[in-house]
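Reader: I am new to this structure. Can you walk me through its features, one at a time?

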Amino acid sequence: MDIESKIEEHLRRCINSLKTTPDEQLLTDVRKALNYRFSEGNKEEITNTYLKELEIPQIVLFDILANRFPLVLRAQEIVNDLFLYEANGMKSICIIDLGIGRGIQIARILKHLNKVNTVKEVTLIGLDILKPALEFTSNIITNLKDELNYTLNFYPIHSQVESIDIESIKELVPRDCEKILVNASLTLHHIQQEEERLNLLRKLKSINPSIITLIEPNADCATDDFDQRVFNAFEHFSALYRFINSLDLEEVEKKGLKQFFATDLFDPIALPNSHRFEKYNKCETWINYAKTCGFKEVDMKNRSILQEHNKLNAELNLGYVNLKFEETDLLGIIAVC
């Protein structure tokens, strides 16, 4: 069977399995990914062509994601509420942010903690693999301190999350710290190997956190069954692209967001396992990882305050909230302790 026929066979199987009409940009992106997978030509050239289609600078897209994208905003609000619940009645807490990025989410959490009048000191330990992101975050934190009702101590750490030196982290936690809260938003699925994910969770268990929250895409793009992985990715990103279409954004912004997410779509379809960094798991898998490492699920029904978005459905489960668009799982907010 020639390459074009193989591509169309995969697409036909995916399209026929879904009740909705797929977005045209999705079909274009999946075709490119499958062509890359099956092609024996110059893959570097294919990659460059693919990446050049980002018409809006990524920094602009990050701003849209952080400030105008309801899926991410709702997930972060749930984490904020969970942290507020944990901080209630405490004087000194420590927050460890794994993959702190440009600091937009953590800034919201820190402002949210102003509502807890007992909190007098917060120690923030932020890890990120990108040094410029840490520098940007340091500036945000410096400018934010005057708005806070408590003393904030920030320790930026330039490191891969899976390479975290847990003993150095322990030394940064104050002796009078009453609770350690850990957050990892859209970070842990970048860890390639399952054993590395488990090792990280074991390290975190050793510091006895009161809660660990994860924000993760709720899809199985880690299966070794290629045909199933293609379908899982197609179903997930089909719903994500349709959700983007439903938002009050300019058409060029919608196209830019789709191309931003297309790099995550490209990963499970086009790349061999040795080169993959977007291995999405279902929420239940993350829960099982955590339980293997000695954690237990947080009862989200008692902890989180859900405000429905008119286009998103929220399902409360033991240990996680599942945000759906129509009938498809999109994003999970996982909480263990």
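Author: Let us start with one residue. Phenylalanine 69 touches Ile64, Leu240, Phe243, Ile244, Leu247, Leu257 and Phe261, leaving aside residues up to four places away in sequence. Contact means heavy atoms within 4.5 Å. This is a predicted model: local features need pLDDT of at least 70, side-chain atom pairs count only at pLDDT 80 or more, and totals for chains, interfaces and linings use all residues. Residues are numbered from 1 along each chain as its sequence is written, and side-chain values use heavy atoms, with hydrogens and water left out.

Reader: Which residues touch the most other members of the largest nonpolar core?

Author: A nonpolar core is a set of buried Ala, Val, Leu, Ile, Met, Phe, Trp, Tyr and Cys residues joined through side-chain atoms within 4.5 Å. Buried means under 20% relative accessible area, exposed over 50%, and partly exposed in between (1.4 Å probe, protein chains only). Here the largest core has 80 residues, and Phe69, Ile95 and Leu110 touch the most other members. Helix α10 (residues 226–245) gives the most to this core: ten residues. Another core, of 33 residues, lies apart from it, with Ile96, Leu188, Ile207 and Trp286 among them.

Reader: How is a pair of packed helices described?

Author: By the angle between their axes and the distance between the axes. Helices (H or I, at least four residues) and strands (E, at least two) are DSSP runs, numbered from the N terminus. Axes are lines fitted to C-alpha atoms, for helices over the stretch in contact, and angles run from 0 to 180 degrees between N-to-C directions. Take helix α6 (residues 104–112). Its axis and that of helix α7 (residues 131–144) come within 10 Å and cross at roughly 20°. Therefore α6 and α7 are roughly parallel. Angles under 35 degrees count as roughly parallel, over 145 as roughly antiparallel, 65 to 115 as roughly perpendicular, and the rest as oblique.

Reader: Which residues of α6 and α7 meet?

Author: Ile106, Ala107, Leu110 and Lys111 of α6 meet Ile140, Ile141 and Leu144 of α7.

Reader: Is valine 161 buried or exposed?

Author: Valine 161 counts as buried, because its relative accessibility is 8%. Valine 161 sits in the loop between β3 (151–158) and α8 (166–172). Its contacts are Leu98, Gly99, Thr187, Leu188, Ile191 and Leu200, not counting residues up to four places away in sequence. The C-alpha atoms of valine 161 and leucine 127 are 6.8 Å apart, although 34 residues separate the two along the chain.
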